[in-house]
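Please keep the sequence and the 3D view open while going through the points.

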Amino acid sequence: MMRFLYLGLVHLVEFLLPLIAKLTGSEKLKLFTEGRKQAFPQVPPKKSVRYWFHCASLGEFEQAVPVMQGLKAADSETQIIVTFFSPSGYEQRKKHPLADVVMYLPLDTPANAKKVLDVIQPDVAIFVKYEIWFYLLSELKKREIPFYLLSAVFRKDQYILSWMGKWLFDVLPNYEKIFLQDKQSFELLEKRGLNNITYTGDTRYDRVKQNALKVKENDVIAKFKGESKLLVLGSSWPTEEKIIHELWQSEKLGDFKIMIAPHDVSDSHITEIIDLFGFDQVERFTQFKSESKNILILDTIGHLSSAYFYSDVSFIGGAFGKGLHNILESLAFGSPVIFGPNYEKYPEAHTSMHAQVAMSVHNAENFIKAFKFFTENEECGPLQVKTKCIDFVNWNSGATEKVLKSILH
């Protein structure tokens with residue numbers, strides 16, 4: 001019964017989304033709908049084993065990258081097809097050198113599932129984190145194509161673990177292997193009787209470790225920082241930006257300079273940040289002229305990961321809203337992190353707080369306490385804090401090797 005309701009909802013969404021995109025003028029919805037109208041790209045003839053990776057968006061793609069690299073290293077003829085659900089992931093990675101083809105995944109219907117598999121013709125399918133598509137997985141099973149779930153997380157309150165979600169939970173035993181990020185997920189599924197599960201950890205630790213080792217210096221950020229300390233707002237939303245403005249205005253951040261890398265890099269939002277802090281205090285990354293100003297806005301996409309190289313403390317966005325952004329990129333460079341209160345769904349938030357390289361805050365008053373803990377702690381100086389952050393990432397690395405050993409056995 002539930003799967004038929006699911007199918008009806010998918011068809012309803014398929015019908016309504018183009019109308020909503022047109023009425024709202026949403027660029028993201030426009031890309032979402034227009035991208036799926038295009039014909040599937042030409043897939044090259046098979047040369048070796050063909051792996052299909054499906055990623056919801058950019059974050060999931062980054063989790064998959066170390067596994068893709070490992071598969072290519074094992075056999076240079078390996079072919080990799082990547083599909084995205086979100087336009088933000090597709091638009092930023094549609095020409096990635098690891099992928100032979102990058103394309104949108106259509107909505108989950110029986111007809112679409114058959115069409116996708118006819119085009120991609122994978123030998124192995126790998127879904128990342130939360131990607132459990134009923135009709136796609138059913139069609140993969142029917143065709144006897146093995147499929148895996150990579151860096152997955154499960155929580156007690158998830159729909160799939162409720163009585164209503166049993167129809168979807170019953171798909172889980174069909175995975176060749178479910179690679180889990182944390183022990184809690186493993187214990188949860190083990191109690192439910194699943195035996196195709198393994199606790200490997202999160203492949204993102206391997207990815208950020210890779211990025212930290214090959215970072216390229218950024219002349220603009222280096223000149224802006226100079227000899228000062230730097231607070232980086234990573235993927236910030238207005239709540240984080242207002243908290244920092246309040247503290248900066250009251251001079252509670254000392255002599256720290258501030259770099260703001262907003263989640264929304266539209267001109268309208270950049271203008272809002274400039275108005276908030278004052279035109280005479282702000283430099284834009286793309287128009288940088290003077291290192292004498294105190295605020296730098298990173299108004300581009302793609303520079304944030306390497307920007308953490310210059311960070312002394314990072315305030316990561318999203319956790320005052322629906323979801324915490326990536327904290328591991330900052331920690332890999334030795335910069336401790338502060339974030340908002342909504343982090344329950346993120347295992348890395350819990351483990352980093354336990355390791356005392358991260359803190360959660362509710363307001364400006366909380367923030368300044370956390371900020372001082374990382375910058376003025378007499379028992380643990382800046383060098384020790386930096387070492388603890390890097391050690392934390394190193395201790396939690398290694399998931400990729402375990403995953404590859406299982407897939408390539």
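The points below take up the sheet, the strands, the helices, the salt bridges and the cavity in turn.

1. Basis of the note. This is a predicted model, in which local features need pLDDT of at least 70 and side-chain atom pairs count only at pLDDT 80 or more, while totals for chains, interfaces and linings use all residues. Residues are numbered from 1 along each chain as its sequence is written, and side-chain values use heavy atoms, with hydrogens and water left out.

2. Seven strands form an open sheet in the order 3-2-1-4-5-6-7, and their pairing is parallel. Helices (H or I, at least four residues) and strands (E, at least two) are DSSP runs numbered from the N terminus, and two strands pair if DSSP finds at least two bridges between them. The edges are strand 3 (101-104) and strand 7 (197-199), each of which pairs on one side only. From one strand to the next the twist averages 20°, where axes are lines fitted to C-alpha atoms, for helices over the stretch in contact, and angles run from 0 to 180 degrees between N-to-C directions.

3. Strand 1 and its neighbours. Strand 1 (residues 50-55) runs parallel to strand 4 (residues 124-128), and four bridges join the two; here histidine 54 stands opposite phenylalanine 127 of strand 4. Strand 1 is also parallel to strand 2, with six bridges joining them, and cysteine 55 has phenylalanine 84 as its bridge partner in strand 2.

4. Burial of strand 1. How many of the residues of strand 1 are buried? Six of its six residues are buried, where buried means under 20% relative accessible area, exposed over 50% and partly exposed in between (1.4 Å probe, protein chains only). Arg50, Trp52 and His54 point one way from the strand, whereas Tyr51, Phe53 and Cys55 point the other way, and all are buried.

5. The other end of the strand order. Strand 5 and strand 6 (residues 177-180) pair in the parallel sense over three bridges, and tyrosine 148 has lysine 177 as its bridge partner in strand 6. Strand 6 and strand 7 likewise pair in the parallel sense over three bridges, with isoleucine 197 in strand 7 as the bridge partner of isoleucine 178.

6. Helix 3 and helix 9. Helix 3 lies across strand 1, strand 2 (79-84), strand 4 and strand 5, and runs at about 165° to strand 1. Helix 9 is mostly covered, seven of its 10 residues being buried; among them are Tyr205, Arg207 and Val208. The cover over these buried residues includes helix 3, helix 13 (304-307), helix 17 (382-395) and helix 18 (399-407), contact meaning heavy atoms within 4.5 Å.

7. The structure holds 16 salt bridges, each being a side-chain nitrogen of Lys or Arg within 4 Å of a carboxyl oxygen of Asp or Glu. One of them joins arginine 207 to glutamate 62, with the closest N and O atoms 2.7 Å apart. Arginine 207 lies in helix 9 (residues 204-213) and glutamate 62 in helix 3 (residues 58-74), so this pair ties together parts that are 145 residues apart in sequence. Arginine 207 counts as buried at 9% relative accessibility, as does glutamate 62 at 14%.

8. A partly exposed salt bridge. Aspartate 118 and arginine 143 meet in a salt bridge of 2.9 Å, N to O. Because aspartate 118 lies in helix 5 (residues 110-120) and arginine 143 in the loop between helix 6 (134-142) and strand 5 (147-152), the pair ties together parts that are 25 residues apart in sequence. Aspartate 118 counts as partly exposed at 45% relative accessibility, and arginine 143 counts as partly exposed at 31%. Asp118 and Arg143 are also linked with Glu139 and Lys142 in a network of salt bridges.

9. The cavity. The count comes to one cavity of 30 Å³ or more, and the largest cavity has a volume of about 40 Å³. A cavity is a set of points, on a 1 Å grid over the protein atoms alone, where a 1.4 Å probe fits but cannot get out, and lining residues have an atom within 4 Å of a point; grid points are joined across faces, edges and corners, and a volume is the space filled by probe spheres set on the points. Its lining includes Leu105, Asp108, Val116 and Trp133, and helix 5 gives the largest share, three residues.

Key: On a 1 Å grid over the protein atoms alone, a cavity is a set of points where a 1.4 Å probe fits but cannot get out, and a pocket is an open set with protein on both sides within 12 Å along at least five of seven lines; lining residues have an atom within 4 Å of a point.
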